[in-house]
Amino acid sequence: MSVLIFIDSADGHVKKSSFEALTYGAQLAKQLGTAAEAVLLGTVADDVAALGKYGVTKIHHVANETLNHVDAQLYTKAIADVATASGATVIVLSHNLTGKAVAPRLSARLKAGLVAGAVGLPNTAGGFVVKKGVFSSKAFAHMNVNTAMKIISISPNSFQTVAGEGTAEVVAAQVTVDSPKVKITATNKVTGQVPLSEAELVVSGGRGLKGPENWGMVEELAGLIGAATACSRAVADAHWRPHHEHVGQTGGSIAPNLYLAIGISGAIQHLAGVNRSKVIVVINKDPEAPFFKAADYGIVGDAFDVVPKMIAEVKKLKGVA
Amino acid sequence: MKILVCISKTPDTTAKIAFADNNTKFVQEGVQWIINPYDEWYALVRAIELKEKDPSTIIHLITVGAADTEPIIRKALALGGDEAIRVNADSHDSFYIASQIAEIAKQGGYDLIFTGKETIDYNGSSIGGMVAELLDQPYVSLATKFELNGTTATINREIEGGEETCEVNVPVVVSCQKGMAEQRIPNMKGIMGARTKPLKVAEPVAVDALTSVASFELPPAKAGVKLVDAENVGELVRLLHEEAKVI
Ligand SMILES: Cc1cc2nc3c(=O)[nH]c(=O)nc-3n(C[C@H](O)[C@H](O)[C@H](O)COP(=O)(O)OP(=O)(O)OC[C@H]3O[C@@H](n4cnc5c(N)ncnc54)[C@H](O)[C@@H]3O)c2cc1C
């Protein structure tokens, strides 16, 4: 009996969402009085043993380069094999893009109940109940997991990473890896930018910004505070910004520490994707904009006046010219 | 080419979310039901586009639900598709639903199975992956583009911070999101035609659900917004730095 945490990586580096998963899994193992172990697929440049600082004692490493790309079928088999061999009873993943590809397959393969998008540790007093977001963040459900083997994928940015001391024992896992049926032919990544799903700070723009040519100030402000950029559906539909920036009920669902909304009305469908943000700041010239009801801080004003001033103030704060 | 499109019934995006019976039941009174937007706008419309290109394509729609899901499936048929299958069962959990879909898929011999990226009520993003595993087929999740060349599909899928392009031979299961297609409005001809398209009812296979809802909970209300004067932007920056401690 142990908790097995899947460590997700890309381009040779372990993802931040995996630090959250490791912390979550380690705390869950402590709660269950069992060991926290992890599984890493593919080769990475990072110091694997050092991931022990998040509380895992052992890392099963399948150092096969075929696994440097996510293939749902191969990943599922590898993780399931390691889980079975190591006697895991709970598997923890991030509910990120890899988790969405792999966790449901694992659930069907192992006949293990899956809670997708968990936001807290399970309640294990008399059962195994995990809280997750439902109705696009408008509510939560407490889910009973009714199987011996359990799978939890945790919502990114909903669990605080805790790093302590310690190194993990890294063991080579004996897993056969078939050749992939899905062949990757091209990768197109925006480099040097924080991916939206992992971003702690997000600056987002709506139709109030009038046109794509006005995004310079949004990007400048985001760059200054180290934020990712996002947008409303109206903006993505108008092709002012790329689709992957679209947040809301029918776009990405995010939970950053700061969501700064500029010229976005705050339609219910937009709020559904962002209302788990810890702090919401709204800049809108209409005092009646619904977004103010969901906000923590706000300025009623013209974005073209307020945002440049904000840039100047942040520069002052950060001591940049 | 034979395509199976998974269709789910969900509350309208503006539906009031409330619970009864000690927070164990979603209150359905006054709720408008729609086709899950991802299923409709992306999965179904892309399948229809493929059929427009190659008229020999056959599109079947599937939903797992009680008789009250029929208006939704007719609405989907009004957009396109040759026939629909309803597995006559109350939905239990994702695994239960996926098992029913996989069972129908096994009998139907489909080349492509399309799902939406997730439903807007349970937000699991799980059905496609589970169906793929149950059928032992490859799964491409969160696709933003789908092209077919003979029996080879070229698919773009979202990865953290970008996209990747991949090639896979059918059969394959694909979950669809924005980019795949553009939303369509059904026309009169489609609506009339949908009335006579076959809607078959299949009985479910016996499967145990792996999870169940213990209870629901609404998020706590926000305390209220702190407004800062537009002439005093420095104060907002100070509050974000010192009080909220986010910058
Ligand atoms: C089924 C369905 C799903 C949907 N899913 C999503 C979704 O996932 N995400 C999403 O975002 N939307 C979604 N929508 C659309 C949503 O209802 C809104 O139409 C959309 O969010 C509006 O975008 P917006 O706020 O940018 O634009 P608008 O509603 O046009 O609002 C612009 C705002 O900018 C303000 N403004 C104008 N000029 C200025 C200025 N100079 N300075 C400051 N403020 C200014 C205005 O006061 C206004 O509040 C969905 C709709 C439906 C029906």
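**Labels and their grounds**

Modeller: Helices (H or I, at least four residues) and strands (E, at least two) are DSSP runs numbered from the N terminus. This is a predicted model, in which local features need pLDDT of at least 70, side-chain atom pairs count only at pLDDT 80 or more, and totals for chains, interfaces and linings use all residues. Residues are numbered from 1 along each chain as its sequence is written, chains are lettered from A and ligands numbered from 1 in the order in which they are written, and side-chain values use heavy atoms, without hydrogens and water.

Biologist: How do you know that the length of α3(B) is close to what is expected?

Modeller: Compare the two spans. Helix α3 of chain B, residues 94-108, has 15 residues and reaches 21 Å from its first C-alpha to its last. The expected span (1.5 Å times one less than the number of residues) is 21 Å too.

Biologist: Which residues of α3(B) are buried?

Modeller: Among them are Phe95(B), Tyr96(B), Ile101(B), Ile104(B) and Gly108(B). Buried means under 20% relative accessible area, exposed over 50%, and partly exposed in between, with a 1.4 Å probe and protein chains only. Across the 247 residues of chain B, 54% are buried.

Biologist: What makes α3(B) and α4(B) oblique to each other?

Modeller: Their axes (lines fitted to C-alpha atoms, for helices over the stretch in contact; angles run from 0 to 180 degrees between N-to-C directions) cross at roughly 50 degrees and come within 9 Å. Under 35 degrees counts as roughly parallel, over 145 as roughly antiparallel, 65 to 115 as roughly perpendicular, and the rest as oblique. The pair is therefore oblique.

Biologist: Why is α3(A) called oblique to α4(B)?

Modeller: The axes of α3(A), residues 97-110, and α4(B), residues 127-135, cross at roughly 45 degrees and come within 7 Å. That angle makes the pair oblique. Their crossing is right-handed. The contact residues include Pro104(A) and Arg105(A) on α3(A), and Met130(B) and Glu133(B) on α4(B). Five are nonpolar, two polar and three charged.

Biologist: What makes Asn22(B) count as exposed?

Modeller: Its relative accessibility is 73%, so Asn22(B) counts as exposed. Asn22(B) sits in the loop between β3 (19-20) and β4 (25-26) of chain B. Phi there is near 60 degrees, positive in a residue other than glycine.

Biologist: And what makes Asp136(B) exposed?

Modeller: At 51% relative accessibility, Asp136(B) counts as exposed. Asp136(B) also has a positive phi, about 55 degrees, without being a glycine. Its loop runs between α4 and β9 (139-149) of chain B.

Biologist: Which peptide bond is cis?

Modeller: The one from Val170(B) to Pro171(B), with omega near 0 degrees. Pro171(B) lies in the loop between β11 (162-169) and β12 (172-176) of chain B.

Notes: A crossing is left-handed if the near helix is turned anticlockwise from the far one by less than a right angle, and right-handed if clockwise. Contact means heavy atoms within 4.5 Å. Ala, Val, Leu, Ile, Met, Phe, Trp, Tyr, Cys and Pro count as nonpolar, Asp, Glu, Lys and Arg as charged, and the others, Gly among them, as polar.
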